[in-house]
Amino acid sequence: EKMKLNRSGFSLLEIVITVAVLGVVVSMAIPNLLAWSANHRLRVDFSQLEGDLQVARLTAINQSTAVTLLFNQPAANQYTVFIDDGSGGGIARDLIQNGTEEVVFQGQLSQGVSFSTINSSGNAILFNGRGLRSRPVIDPASLILTNSEGRQYQIFITMVGDVNGDYL
């Protein structure tokens with residue numbers, strides 16, 4: 001009588017081949033996933049910074065006072081938005097938070113995203129009480145955000161306070 005084989009399981013060879021194929025697929029997918037993640041963080045930070053510049057401008061208009069967005073403060077790849085009115089012994093409209101000038105909010109770029117270029121004097125943008133960009137006089141002022149993959153977004157701030165950006 002013939003002996004019947006039990007075919008209800010997997011052979012060692014089938015398991016090894018499956019694991020090898022899975023390893024190849026995963027090794028091809030991980031670099032793409034990492035690049036996608038870095039590009040996603042850059043897009044999110046770009047949108048957030050664009051929005052924060054608009055909030056700084058609207059705060060200047062609503063409070064009819066000077067508002068500064070200061071880059072790389074309090075540390076690299078962070079920014080501070082404050083009322084630059086000279087309160088508490090500070091100097092108004094000097095692009096430096098001094099005296100008791102009120103901080104509106106602070107922001108921070110994601111890990112792997114940095115300010116690669118800040119085309120404005122004093123690493124700051126100042127909006128006056130009408131929402132116009134008062135300083136620096138470079139038109140337009142611009143920022144370039146770069147991620148760990150080398151991709152970049154540029155944000156422009158015109159003298160009339162318009163904020164817009166584009167992928168480089």
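**Backbone features and sheet arrangement of the predicted model**

P74 lies in the loop that runs between β1 (67–71) and β2 (78–83), and in this predicted model the peptide bond between Q73 and P74 is cis, with an omega of about 5°. The loop between β1 and β2 also holds N72, which is not a glycine and yet has a positive phi of about 60°. A second residue other than glycine with a positive phi is L95, for which the value is near 65°. L95 is placed in the loop between β2 and β3 (103–108), and with a relative accessible area of 6% L95 is buried, since burial is assigned under 20%.

The C-alpha trace, taken along its principal axes, spans about 105 × 30 × 25 Å. Of the 168 residues, 38% count as buried, and the accessible surface of the chain comes to about 9,800 Å², with 57% of this area belonging to carbon and sulfur atoms. Among the contacts in the chain with a separation of 6 or more, 52% are accounted for by residues 24 or more positions apart.

Part of the strand content is arranged in an open sheet of 4 strands, in which the order is β4-β7-β8-β9 and the pairing is antiparallel. The edges of this sheet are formed by β4 (113–119) and β9 (163–167), each of which pairs on one side only, and neighbouring strands are turned against each other by 20° on average, direction ignored. In general, strands of a sheet pair through backbone hydrogen bonds, either parallel or antiparallel. Within the sheet, strand β7 (residues 141–147) and strand β8 (residues 152–157) run antiparallel and are joined by 6 bridges, and L145 stands opposite Y153 in β8.

Terms used
Residues numbered from 1 in each chain as written. Predicted model: local features only at pLDDT ≥ 70, side-chain atom pairs only at ≥ 80, totals over all residues. Heavy atoms only, no water. Pairing = 2+ DSSP bridges. Helix = DSSP H or I, 4+ residues; strand = E, 2+ residues; numbered from the N terminus. Axes fitted to C-alpha atoms, helices over the stretch in contact; angles between N-to-C directions. Buried < 20%, exposed > 50% of the residue type's maximum accessible area, 1.4 Å probe, protein only. Contact = heavy atoms within 4.5 Å. Areas by Shrake-Rupley, 256 points an atom, 1.4 Å probe, with all protein chains shown as cover.
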